Amino acid sequence: MVVGDVTTGTDVLVIGAGPAGYVAAIRAGQLDLDVTLVEKDAYGGTCLNYGCIPSKALITATDIAHEAATAEEMGIHADPAIDLAGMIEWKDGVVDQLTSGVEKLCKANQVTLLEGTARFVDDRTVRVSHSGEGQGSETLEFEHAIVATGSRPIEIPNFEFDDEPVLNSRQALAVDSVPDSLVVVGAGYIGMELASVFAKLGTDVTVLEMLDSILPGYDDDLKRPVKKRANELGIDFEFGYTATEWRDREADGIRVIAEPASTDGGEQATGDQLTLDTDHVLVAVGREPVSDTLALEAAGVETADRGFIETDSRARTNVNHIFAVGDVAGEPMLAHKGSMEGQVAAEVIAGEPTAIDHQAMPAVVFTDPEIATVGMTETEAEEAGFETVTGQFPFRASGRALTTGDADGFVKVVADDADGYVLGASIVGPEASELIAELGLAIELGATLEDVAATVHAHPTLSESVMEAAENALGHAIHTLNR
Ligand SMILES: Cc1cc2nc3c(=O)[nH]c(=O)nc-3n(C[C@H](O)[C@H](O)[C@H](O)COP(=O)(O)OP(=O)(O)OC[C@H]3O[C@@H](n4cnc5c(N)ncnc54)[C@H](O)[C@@H]3O)c2cc1C
């Protein structure tokens, strides 16, 4: 069908159907607003199609294989054969189930779905181009717009994602054979998660990082068990290097060239060039907002640092009736942060007194073991003027952790020494991603260490470690020595 040059109208226009945009659209539908959601690629955005979900599916699948292969201590002797095509098919099935669910939920909430690419014409109008020959475009007028166009992987000079041996995270999650070797450029969370997936598939992995450690921004005590496990998996690290180019080798594969990274002061570092022979190179050096393809200037919407759209605590841009949510609206670029902002934007449009609150925003790195944080670190709390008290509980003292065969790491709770309010927490270890939720709730509810410690936790569970960390801060943990 050729779509003619028709003009339609909507109360709320949402651009982008990732976890920020589709959640905004569904919430707007629940609030009886007339809402249209425009998506150019796939419902669910990066998160469901190329990010959170496919990566977690492959992390789980490769974990199962790795655990089975390394469970001799438990009396299990297995040598699992990996059928990569089967694994990818299963992962794609999970993605399909979720993305079709998003589409159904949108429809059930009276969200009008429109496939195409939106660009602003002015601050009340967008033009939506439909992909495919002869599909044309249409004009849509809106009362309010919510920009939720997400982010894309950053390319570095000489490493173009169109070049076959160069992969971004999306391409790495869809490989059709297990590479013998892989260089991962960037030891941030995406690089580290994928490094362990490939190491568990049997690939020789080298991680190249310009800084001097993995996972910038995380405390050293959280990173230590992850680095140790990565070394046990055979992952090699080259810190202090920047990948500068790659060349074909006469034999199969490529050679990645790296130079010593310049110092903090921008001075050219000295040292030897590094060469790494590999099948593929995965570039995971970060993501940048998709704000340059929307003609934002036509609507008068300003962007700030690195192209992010600046918003206030109610998700509004500098143009009062245009909102921005999710990755395009700034750090932290996490799905749940986008979903929360999407809900706030819809509620603000509906006239509700809602605002964005980042106080209890969790962040999880799905490495082996997982890292999860929420609220303030001890240093941040002290910088904010709190006298802090901390409590810690090691998983090696948890009966449940020992029965899972995975007892590296700890739970750490940070609280205000004056009144015991929980200010933050960090966990490294088994199921950290799940355990952090209780401490997020504690911060959100204004719970104290006493509240967490006095809550009876079922035995034997990993969650007892949260209770024991709170007890430790109060000086009366039962299963560890108190300071
Ligand atoms: C490998 C990987 C793993 C990740 N793991 C996690 C994780 O475990 N946990 C977590 O919280 N986050 C994770 N993330 C980050 C997470 O995917 C993003 O934070 C999240 O997807 C951001 O949501 P969003 O809705 O803002 O944008 P996106 O999900 O990027 O969605 C934006 C959508 O807008 C569409 N769009 C863009 N421009 C237009 C236009 N002009 N017209 C119409 N449509 C348009 C795009 O096609 C896209 O579908 C991961 C990311 C990657 C790459």
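# Close-up views of a ligand and its surroundings

**Figure 1. By class, the shell around the ligand is made of 18 nonpolar, 15 polar and six charged residues.** Here Ala, Val, Leu, Ile, Met, Phe, Trp, Tyr, Cys and Pro count as nonpolar, Asp, Glu, Lys and Arg as charged, and the others, Gly among them, as polar. This is a predicted model, in which local features need pLDDT of at least 70 and side-chain atom pairs count only at pLDDT 80 or more, while totals for chains, interfaces and linings use all residues. Residues are numbered from 1 along each chain as its sequence is written, and side-chain values use heavy atoms, with hydrogens and water left out. In total, 39 residues surround the ligand, each with a heavy atom within 4 Å of it. Glu-39, Thr-46, Lys-56, Asp-327 and Ala-335 are the closest.

**Figure 2. Polar contacts hold our attention here (pairs of N or O atoms within 3.5 Å).** An N or O atom in the side chain of Thr-46 is 2.7 Å from an oxygen atom of the ligand. At Ala-20, a backbone N or O atom lies 2.9 Å from a ligand oxygen atom. Tyr-189 places a polar side-chain atom 3.0 Å from a nitrogen atom of the ligand. On its own the ligand has 990 Å² of accessible area, and the protein covers 96% of that; such areas come from the Shrake-Rupley method with a 1.4 Å probe.

Figure 3. With four residues, H2 gives the most to the shell. The ligand lies between domain 1 (6-152 + 288-349) and domain 2 (166-285), because both give residues to the shell. The domain assignment, automatic or from a database, also lists domain 3 (369-474).

**Figure 4. Gly-45 sits in helix H2.** Gly-45 is buried, at 13% relative accessible area; buried means under 20%, with a 1.4 Å probe and protein chains only. Gly-45 and Ala-335 are 290 residues apart along the chain, and 9.9 Å separates their C-alpha atoms.

**Figure 5. The largest nonpolar core has 38 residues.** Such a core is a set of buried Ala, Val, Leu, Ile, Met, Phe, Trp, Tyr and Cys residues joined through side-chain atoms within 4.5 Å. Met-192, Val-205, Val-207, Leu-215, Ile-235 and Ile-371 touch the most other members. Elements giving two or more residues include H3, helix H4 (84-108) and strand S10 (204-209). H6 gives the most, with seven.

Figure 6. Most residues other than glycine have a negative phi, and most peptide bonds are trans. Leu-215, however, has a positive phi of about 45°; this residue lies in the loop between S10 and helix H7 and is buried, at 1% relative accessibility. Ala-315 has a positive phi of about 70° and is also buried, at 0%. Cis peptide bonds, with omega about -5°, join Glu-331 to Pro-332 and Asp-368 to Pro-369. Pro-332 is in the loop between strand S17 (322-324) and H9.

Terms used:
Polar contact = N/O pair within 3.5 Å; in protein donor to acceptor, adjacent residues only side chain to side chain. Buried < 20%, exposed > 50% of the residue type's maximum accessible area, 1.4 Å probe, protein only.
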